[in-house]
Amino acid sequence: LGIGMDPSEFFTASRILIVAGKGGVGKTTVAATLGVAASRLGIDTLLVEIEGKRGLASLFDHADLVYDDTELVAPDPATGQARLRARTIRAEAALVDYLADHKLGRFGKTLTRMQVLDTLATSTPGLKDLIVLGKIKQLEQTNDAELIIVDAPASGHAISFLRAASGLQGTVDTGPIRHQADEVVALLTDPARAQVLLVTLPEETPVNELIETAYALEEDVGIRLGPAIVNAVHEPLADVAPPSDDDAGLRHDAGLDDDAGLDDELRHDAGLATRYWQRRAEAEQEQIDRLAQELPLEQIRLRRKLAIQLGADDLAGFADAVIDQVGALRFIEVA
């Protein structure tokens, strides 16, 4: 039976949402949008940026994120707005935290000064990723936020990032690394604790990569996949006649006529732009339809925003669109 889902239930179905996708598809913007949407629904939310990534802070007109929490949006009891915070996670700092929790804080600081982690990571592939995932697991277990949204690495690294724990399970038999790997695998394979939202553009190559990533994550990691998010979609222009190759047709495509007060060159250019936009929208719809056919996931679509720099107002508009679409999705109820 297909049923709609309350947006608040969608954002609290898993404690961690991992946003992943090919580089350049707008993952950071989508992660920020999801954070704004969740906080507007009254869900205390923490955005997590992985070491080496940048961009979350600038979307909220803040300086670079630090290892400790930075408040991006303050709670507002009058509107039901919950707080939205963000932080970056660096493997070295996460390792110091881990050792401090195990009464080895001074030892951890010594290792950091000696830059031992890079040497260990070279000899133990996946160790840095495991340390970062372990820190995310700790944040989830402390219940400091109702929802954690992770802006993950790009697709290729995202797969190895999420595979790190299961890979170490196969190479390390005992000790703290094996224990941490077991706990991270338990986290990633529990749908109530974690799921992945894959982001794509409505273009052939990003759609292909999303499909490949989706099947790799399901088969190799065993993590639940949420709706696919199609970003930067050209919306079809309303009331536009089929493009014509003659000048009069181009003017009609642009919604102009001879009395519009524009010269012929401008009318012609406007018609060309209109036809380009419409053809682009049609081509994108073909990719969106193909994605739906080849990958049985619900879709959330965010329209293309013509702006040099996105800001808080843009994120608010995107968040409203996400909330509306989540409420309209049809999920399958399992008896």
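Guide: The model is predicted, with a mean pLDDT of 83 for the protein and 79% of residues at 70 or more. Confidence is highest in strand 7 (residues 194–200), at a mean of 97, and lowest in strand 11 (residues 331–332), at 48. Over residues 239–245 pLDDT stays under 50, and the model has 12 contacts there beyond four places in sequence.

The largest nonpolar core has 54 residues. Ile18, Leu162, Val196 and Leu217 have the most contacts inside that core. Leaving aside residues up to four places away in sequence, Val196 touches Ile18, Ala20, Leu162, Leu217, Ile223, Arg224, Leu225 and Gly226. Another core, of 40 residues, lies apart from the largest one and includes Phe11, Val36, Leu197 and Leu201.

Helix 2 covers residues 27–40. Of its 14 residues, 13 are buried, so helix 2 is largely enclosed by the rest of the structure. Its length can be checked: at 1.5 Å a residue, the 14 residues should span 20 Å, and the end C-alpha atoms are 20 Å apart, which agrees. After helix 2 comes Gly42, with a positive phi near 85°.

As for the rings, the count of aromatic pairs is 1. The ring centres of Phe10 and Phe11 are 5.1 Å apart, and their planes meet at 80°, over the 60 degrees required, so the pair is edge-to-face. Phe10 and Phe11 are both buried, and Phe11 is among the residues of the 40-residue core.

Methods: Residues numbered from 1 in each chain as written. Predicted model: local features only at pLDDT ≥ 70, side-chain atom pairs only at ≥ 80, totals over all residues. Heavy atoms only, no water. pLDDT = per-residue confidence, 0-100. Helix = DSSP H or I, 4+ residues; strand = E, 2+ residues; numbered from the N terminus. Contact = heavy atoms within 4.5 Å. Phe/Tyr/Trp six-rings, centres within 6.5 Å; stacked < 30°, edge-to-face > 60°. Buried < 20%, exposed > 50% of the residue type's maximum accessible area, 1.4 Å probe, protein only. Expected span 1.5 Å × (residues − 1). Core = buried A, V, L, I, M, F, W, Y, C linked by side-chain atoms within 4.5 Å.
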